[in-house]
Amino acid sequence: MTDKITIEIDGRACEAAPGEMIIAVADREGITIPRFCYHKKLSIAANCRMCLVEAEAGGRPFPKPVPACATPVSDGMKVQTRSPKAIDAQEGTMEFLLINHPLDCPICDQGGECELQDVAMGYGGDVSRYSERKRVVEDEDLGPLIATEMTRCIHCTRCVRFGAEIAGVRELGATGRGEAMRIGTFAAAAVGHELSGNVIDLCPVGALTSKPYRFQARAWELTGRDSISPHDGVGANLRLHVRRNQVLRVHPNDNEAVNETWLADRDRFSYEGLHAADRLTQPMIKRNGAWQAVAWGEAMTLVAERLKTTEAATCGWWLAPNATLEELYLAQRVARGLGCRDIDSRLRQQDFRDDTAAPLRPWLGCTIAELETRRAILVVGSDLRQEQPLLAHRIRKAALAGAGVGCVNPLELELHHGATQLVVDPAALPAALAAIAKALDCAPEGAGAALIAAAEPDDRHRALAELLRAGEAEQGGLVALGALAVAHPDYALIRALAETIATASGCALGWLPPAANSVGAYLAGALPQVGAGGVALEQPGRALDAMLAEAPRTLVLWGVEPERDLIDPTRAMAVCEQAEFVVACSAFRSPALETVADVLLPIGAFAETAGTFVNASGTWQSFQGAVAPPGEARPGWKVLRVLGNLLDQRGFDYTSAAEVRTELAEQCGEITHDNAARAALEALEPRLAEGGLVRVGGVPIYALDALVRRAPALQRTTMPRATLALYLHPQQAEVLGLEEGAEATLTQGGQTLTGEVRLDARLALGCAWVPAAVAGSERLGAQIGPIEIAGGGLQ
Amino acid sequence: MSFRTTPLTVAHDRDKSTLFTAELREAIDALLTRYPEDWQQSAVMPALTLLQDANGGWLTRALMDDLAVYLDMPEVAVYEVATFYGMYDLEPQGRHKVCVCNSVSCMLRGSEELIEHVGEKYGVRPGETSDDGRFTLKEVECLGACRHAPAVLVDKTYHENLSPEALDELIDGLE
């Protein structure tokens, strides 16, 4: 049924697909039909009745006006959206909708951008004929993100359908009947889904609005500016709403290839971090242990001098993977111009044994949109919904479309779709992959040869192997490595085994890029073994593990908070303290940075600088600065331009970020992303021994980067395993003699810390989950690594 | 987008064999055979009736939550059904339910008189329970017995063409 048919709307001939609804055709043609409950991404409810139109099919008029959202087109159908009969029906519906809706737009947060208000302007009467009492509905507290004023609700049920169909969890429902019907949770619970903020956009009235933005501004005071989300690898398209140089809220821009029409709450509410009290607003120099605000010239001269006089081989650059492409490119240009090769942006990785073979231009493995058409997806080492909320949504769509989804993880994920989950001891992750490889009849070759040879696959491994094989039959499977796999001490082994599995099952090898510019960092050359343009360097520098083992004498930190953003915060802080000179370029000042740095240079955060992020699909998404950085802070690429000039390096005369991007784009040439290994690896020994307890430090969804960690509303949400504690499987706790709420002493990286025990049956045995990047976690060692636990707190 | 989206199923982390009693589980399982696979949620209405009858005529949050687990559905979807229909009660009820229809036909034929009469004689208004816990008076929507209005549903039995005296007799006959 792909044949096109022709229908007529308001006298205009329109092409349509059979089975399409009238409203979808009208929307495409730009013909306005008023509506409240219809939404292109949700199922059809047809309960608001606002889209009533007059129609005739086969020469026979329908006896009554029909809802355009729920009437499929047929060949030769004629639709009148503005005929007297249609208008009459629409006005009648409007009058009914307004019966119980408060007429106090001036005190409503949605006033001025309300679909009901807009439509009422066109279809509502001037005077209400209703003189009885209006109904009043009690508000519910839906948590720190969504404000409610349920009296304004017109029962379109978009929010309810969003929960059931997009989020996959029914948090909201319509309870009661008739006038007593209300939208809410009934159980008075806060909504906790990571995409829940989308109901704010979906709500056509002022019933569900943004709590942080509540009563901050009116729609007409705001200027819209396009931007790109600086968090996960999706690079959601944003519309920043700005007033008087302040970002007041964030809305999504539609982009089917990236975020469709959704935003994760992290993308939507992280802007609050821009207004944090600890923004760095002036260049600062530490003199005799005290911080002094200085002029840019003085600070830059000092930095240039120190960089020039330091020995290049003892200088290290740590670049945040959510810095813009321009910043990363210029930073590595400055560093390499000085002869310094120790550059790394893989701050949450500890195994670099395969750097000589690892891909130079890795990516998701398919485009983001293609993810939902994959027939089999195996997720390895990823707390999927926390790491990649929007990719998780695409994977859910694939699962609902019939794809097999499998996971190999140290915890059982809470997924709202069918999935075959293999929960393994974190130390046994490579062995589990080897067993799947053996179930796929792989020969014991490559880095994991010994493990494959020793593997004894059981039914669980064979089930996952079958799942991937089924994907191959239909040409489209993906084996995707997540952030927990990357942080694993045996990542090289995991990557090699995943590739073996992917090759044997005919699937693509994938990677879930954890930060906004993780893919871009390779293209910009922000890695020790990769140069600008994503090319292999003959003389690679030292990777992060070497820099953590042997401290560089001079350190440049770009957008990095060493106590939060690094795989091993204890080690990172020690290295920073050992370094003789530390320059921190940052949008925020933190006590840790003030302790270890010698110079603080204020750079613009997200929304304050022009730049480019390369998302998981390999799409370059550029944006302009929406607001000026606070105080003396400057966009990062300008700081690096000045630094390049002060160091007498050539070709630092850029006049715009676009020029930097163009230069890099030329070096990249025709980009082909590929996750395949460049060379065969020799056999690797697992570093993590099975049998002991292994700390797994997942990064909670709202602790990913400096900006989101400073967004107060997001910090008030309750997400699983988000606060510092020792999370254990009940059986594991029993073995250790620990109970829920008991105190335990954690020893890792030579440090000890007291943590509260929380029981979580989703975790694997052998796994001691202690989140990373949250307050207190800086006192522990590697994100994934051996840990010792003793009962009782520190004495 | 289609009209018919299969209902959202939720796999709850609870052991179904510990819910309710063995007899109730058997009865619900028998209901499930009436519906197609993937649509076991359709059994929510008769199942709620079973649970309500077994619980002295009303439903608790815990019972509704358990049923959600048993039928693999979101809790709120059970609440929606239980709050929509008049025959489910979410508060403790008397030993019997006297449900007076107050839709158009019954109202024209004197159902309001019946309600008033019960209020005067027993001191029980719609939604209230008699002091001795014998019965709860409910005002309900159309019982579908318009031909012999006014109609009253006492527990599960229809009584038609009622006068206040006839209703008295019925109520007095309740245990």
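**Before you click.** Residues count from 1 along each chain as its sequence is written, and chains are lettered from A in the order in which they are written. Because the model is predicted, local features need pLDDT of at least 70 and side-chain atom pairs pLDDT 80 or more, while totals for chains, interfaces and linings use all residues; side-chain values use heavy atoms, without hydrogens or water.

**Stop 1: the interface.** Show chains A and B together. Here 18 residues of chain B touch 26 residues of chain A (contact means heavy atoms within 4.5 Å). About 1600 Å² is buried between them, 64% of it from carbon and sulfur atoms; buried area is the accessible area (1.4 Å probe) that two parts lose on being put together, summed over both. The rule finds 2 salt bridges across this interface, a salt bridge being a Lys or Arg side-chain nitrogen within 4 Å of an Asp or Glu carboxyl oxygen. Select Asp13(B) and Arg762(A) to see a salt bridge at 3.4 Å, N to O. On the chain B side, the elements giving two or more residues are α3 (61-70) and α4 (75-84), and α4(B) gives the most, with 6 residues. Helices are DSSP runs of H or I, at least four residues, numbered from the N terminus.

**Stop 2: Arg158(A).** Select Arg158(A), in helix α4 (residues 158-167) of chain A. Is this residue buried or exposed? Arg158(A) counts as buried because its relative accessibility is 4%, and buried means under 20% relative accessible area, exposed over 50%, partly exposed in between (1.4 Å probe, protein chains only). Its side chain reaches the backbone oxygen of Phe36(A) at 2.6 Å, and a polar atom of that side chain lies 3.0 Å from the backbone oxygen of Tyr38(A).

**Stop 3: Arg385(A).** Move on to helix α10 (residues 384-387) of chain A, where Arg385(A) lies. Arg385(A) is also buried, at 15% relative accessibility. Its side chain makes polar contacts with the side chains of Glu194(A) at 2.8 Å and His416(A) at 3.4 Å. A polar contact is a pair of N or O atoms within 3.5 Å; within protein, one must be able to donate a hydrogen and the other to accept it, and residues adjacent in sequence count only if both atoms are side-chain atoms.

**Stop 4: Leu108(B).** Finish at helix α5 (residues 104-108) of chain B, the place of Leu108(B). Leu108(B) is exposed, with 67% relative accessible area.
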